[in-house]
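Student: I would like to go through this model with you, beginning with the ligand. Could we set the terms as we go?

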Amino acid sequence: METWEKEDGVKFLRKVGLRPGQLVLDFGCKAGHYIIPAAFVVGSKGIVYAVDKEQQALNKLQQKAGANNLKNVKIIKTSGQTALDFESESIDVVLFYDVLHYFGKHDRKKLYQEAQRVLKQDGFLSVYPKHTVEDDPIQEFAKLSSNDVRREIENSDFYFEEKYCGAISHDDSLNQGCILNFRKNEDHNCI
Ligand SMILES: C[S@@+](CC[C@H](N)C(=O)[O-])C[C@H]1O[C@@H](n2cnc3c(N)ncnc32)[C@H](O)[C@@H]1O
């Protein structure tokens, strides 16, 4: 995984749309298999906010970021709330990677609303809907397909933009998976 984080993971996240200088929020980052490549992509002018409720995983991430001399990783330990403690329209990219299946429908809706709020108008939401019916179904996704997840995000004022598939990180190894990107619908209050 160390090699993936520094090489193919970096290429993959570039393909997904991460760019130098961006502010990226990774909600449910664990020990940071996506944080490390994201931090390499956004570079010294960008920041990757690493949000999780598990201190142990965040400690591991802190060590890894230090070992890679990545000063652009900001670690945020939460108590598990769905509210994202960020200013409105302040973030370029929100990642919900392999995390939405922990949440029931109501809380997922809150997370989409929060992503909608914190994202800049030209920002995007990037989702890895792991553990749906097609892919090792568990927890709240046991009966949902990735199309169902796509639809519920579209119903939260996002539109689907693009899908990126490849050999990507899951837990501590690689698997074939697909990332779905969404953009905010136009602000209908603006004329
Ligand atoms: C399966 S891991 C995915 C890690 C990472 N996103 C990845 O794809 O490699 C899910 C992570 O989400 C975190 N998580 C679950 N519920 C959470 C919540 N309510 N608030 C913050 N983190 C949460 C867990 O602690 C865990 O580290």
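Tutor: A residue is near a molecule if one of its heavy atoms lies within 4 Å of it. This is a predicted model, in which local features need pLDDT of at least 70, side-chain atom pairs count only at pLDDT 80 or more, and totals for chains, interfaces and linings use all residues. Residues are numbered from 1 along each chain as its sequence is written, and side-chain values use heavy atoms, with hydrogens and water left out.

Student: Which residues come nearest to the ligand?
Tutor: Of the 15 residues around the ligand, the nearest are Gly28, Asp52, Gly80, Tyr97 and Asp98.

Student: And what is the shell like by class?
Tutor: The shell has seven nonpolar, three polar and five charged residues. Here Ala, Val, Leu, Ile, Met, Phe, Trp, Tyr, Cys and Pro count as nonpolar, Asp, Glu, Lys and Arg as charged, and the others, Gly among them, as polar.

Student: Which polar backbone atoms lie 2.7 Å from a ligand nitrogen?
Tutor: One belongs to Gly28, and one belongs to Tyr97.

Definitions and conventions: Polar contact = N/O pair within 3.5 Å; in protein donor to acceptor, adjacent residues only side chain to side chain.
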